[in-house]
Amino acid sequence: MPHMPPDNDLDEPTLRLSRRGFMQTAAAAAAVVNLPVTATAAPSAPPLPAPAAPAQKVTLDINGKQHQLSLEPRVTLLDALREHIGMTGTKKGCDRGQCGACTVLVNGRRINSCLTLAIMHEGDKITTIEGIASNGQLAPIQAAFIEHDAFQCGYCTPGQICSAVACIDEMRAGTASAVSPDMRIRPVDMNSTEIRERMSGNLCRCGAYPNIVTAIKVVATRSS
Ligand code: FES
Ligand code: FES
């Protein structure tokens, strides 16, 4: 049988040194592994802004008046209205097509002006909230919003009113919506469900929805 040294024959100092060395090596390795990348990488410069594209000349017909502008192609219709022409009635809520605050009419159809480029609308007839009244008289839908208390802070109201104008026109034209029970039925029943569905792209943070629906229904049914 081969000779096995007893446990107390082991070289204790050598063994302790070995354990200490192992622990130090392991700790150093762990520190390297856990070191944040940012601490070792050279600091990176912030990205440079995209260079401006050359401005283009564009003429916009807004509320029957011609506006000659020089705009970068990336300027939205909303920013052209507010920042370049100074027509601040059209509001910027989300700037990404979610709230409807920026709704305007283009050739009679409602669109989100934050989702379209101004240079795309040369030759179009653009109507903003400033153009809804005529000859110093409020449009029926504007008067109805006041009469039925259809706003609180009023921030969403320009978009609501522009959208309501098109909404009423669409119902009168017999355009079906997702909640129309039968698409063949004319005229569309201008009930609250139809109005809510058709106005669902216009959000109101104040929750004035019941009175907005009432105002629209009153105008839609009164003169149809
Ligand atoms: S600002 Fe255009 S949809 Fe909200
Ligand atoms: S009235 Fe305040 S957001 Fe609609």
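Predicted model: local features only at pLDDT ≥ 70, side-chain atom pairs only at ≥ 80, totals over all residues.

Colleague: What makes Ser-177 count as buried or exposed?

Modeller: Ser-177 counts as buried because its relative accessibility is 11%. Ser-177 also sits in the loop between H5 and helix H6 (192-198). Leaving aside residues up to four places away in sequence, Ser-177 touches Glu-194, Glu-197 and Arg-198, where contact means heavy atoms within 4.5 Å.

Colleague: How do you know that H5 is mostly covered?

Modeller: Of the 16 residues of H5, 12 are buried; among them are Gln-160, Ile-161, Cys-167 and Met-171. The cover over these buried residues includes strand E3 (103-106), strand E4 (109-112), H4, H6 and H7.

Colleague: What span does H5 reach, and what span is expected?

Modeller: The expected span is 1.5 Å times one less than the number of residues. H5, with 16 residues, reaches 22 Å from its first C-alpha to its last, close to the 22 Å expected. Just after H5, Gly-174 takes a positive phi of about 85°.

Colleague: Which residues have the most contacts inside the largest nonpolar core, and what makes it a core?

Modeller: A nonpolar core is a set of buried Ala, Val, Leu, Ile, Met, Phe, Trp, Tyr and Cys residues joined through side-chain atoms within 4.5 Å. The largest has 28 residues, and Ile-132, Ile-141, Phe-145, Met-171, Ile-212 and Ile-216 have the most contacts inside it. Helix H4 (140-147), helix H5 (157-172) and helix H7 (209-222) each supply at least two residues of this core, and H5 gives the most, with 7 residues. Another core, of 14 residues, lies apart from this one and includes Ile-62, Leu-81, Val-104 and Ile-126.

Colleague: Why are E2 and E4 said to stand at the edges of the sheet?

Modeller: The open sheet has 5 strands in the order E2-E1-E5-E3-E4, with mixed pairing. Strand E2 (65-71) and E4 each have a single partner strand, so one side of each is left without a neighbour in the sheet.

Colleague: How do you know that E3 pairs with E4?

Modeller: Two strands pair if DSSP finds at least two bridges between them; E3 and E4 are joined by 4 bridges and run antiparallel. Thr-103 has Asn-112 as its bridge partner in E4, and Val-106 has Arg-109. E3 is also joined to E5, by 2 bridges and again antiparallel.

Colleague: What makes both faces of E3 covered?

Modeller: Thr-103 and Leu-105 on one side, and Val-104 and Val-106 on the other, are all buried.

Definitions and conventions. Residues numbered from 1 in each chain as written. Chains lettered and ligands numbered in written order. Heavy atoms only, no water. Buried < 20%, exposed > 50% of the residue type's maximum accessible area, 1.4 Å probe, protein only.
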